[in-house]
Amino acid sequence: MTQKDWFTDWFNTPYYFILYKNRNDEDAQLFMKNITEFLALPKSTHILDLPCGKGRHSVFLNSLGYKVTGGDLAANSIKIAKEFENDSLNFKVHDMRKPFNNKYDAVFNLFTSFGYFEDDNEDLLILQNIKNGIKNNGYFVFDFLNADYVKATLVPKETKVVDDITFHITREIKDGFILKNISFFADNEQHSYTERVKYLDVNKMKTYFEKVGFTITNIFGDYHLNDFDSQTSNRLILVAK
Ligand SMILES: C[S@@+](CC[C@H](N)C(=O)[O-])C[C@H]1O[C@@H](n2cnc3c(N)ncnc32)[C@H](O)[C@@H]1O
């Protein structure tokens, strides 16, 4: 596996789902409720949730009355998400480095689903694809980690036991990336994966957004939509047009 492709591999394994099975869906739903109310999105809005994983935000947004399309590179996640499909909720395998066929009223990129690539041009390509996929006056909601907060609160070593698997986790910041190594023994084998997310702080993201022609309208620091503070906010949430 090349370093570049860690996301293709890890996000498709059953162990990824096990490690993160207790992910906080309440937070995700609170955020979706707050942001859709803040933007006053009419129910006719067609939202693209990219990447959607197993569809936890998409399903909730759809329950609020929105038409939702979810896209993700991981075929295993899309297979699970498809079980929730209905007339106004669809999922498909999609690589966000590729352009879309459709245009949407809003695109949501949620829960640190960006910054996986070495080359800044690939980050820009994704943002450009998203921009091209949004209708005039549509919205882009970008929910990323707050790199400065991650740095200040980094837990270098941790052990987590989930479903009888002991995950040994180490974290470090190196060469402009936030690295999380996950090692464990399961199914008679030793496994090791490293999540690599680029150290993209608010200023770097502002530069990216400017380069592709997005206008940032709001910057929030958590799912309650409090103002962003680089020292104390746990998220970096950008809303752009
Ligand atoms: C941290 S997860 C978040 C998923 C979802 N937004 C959520 O909150 O549950 C990141 C997702 O990005 C997807 N992904 C990684 N690279 C991708 C790419 N190039 N195109 C589309 N999806 C990608 C992974 O498969 C994974 O589901």
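Which helix holds Asp123? Asp123 lies in helix H6, residues 120-132. The views below come from a predicted model, in which local features need pLDDT of at least 70, side-chain atom pairs count only at pLDDT 80 or more, and totals for chains, interfaces and linings use all residues. Residues are numbered from 1 along each chain as its sequence is written, and side-chain values use heavy atoms, with hydrogens and water left out.

View A. Helices (H or I, at least four residues) and strands (E, at least two) are DSSP runs, numbered from the N terminus. Asp123 has a relative accessible area of 0%, so Asp123 is buried (under 20% relative accessible area, with a 1.4 Å probe and protein chains only). Neighbours within four places in sequence aside, Asp123 is in contact (heavy atoms within 4.5 Å) with Phe114, Gly115, Phe117, Lys198, Leu200 and Tyr208.

**View B. Arg97 in the loop between strands E3 and E4.** Strand E3 covers 89-93 and strand E4 covers 104-109. Not counting residues up to four places away in sequence, Arg97 touches Phe7, Leu73, Phe117, Glu122, Leu125, Ile126 and Asn129.

**View C. Helix H3 against helix H4.** The axes (lines fitted to C-alpha atoms, for helices over the stretch in contact, with angles from 0 to 180 degrees between N-to-C directions) of H3 (residues 25-39) and H4 (residues 56-63) come within 10 Å and cross at roughly 50°. Asp25, Ala28, Gln29, Met32, Lys33 and Thr36 in H3 meet Arg56, His57, Phe60 and Leu61 in H4.

Notes
Buried < 20%, exposed > 50% of the residue type's maximum accessible area, 1.4 Å probe, protein only.
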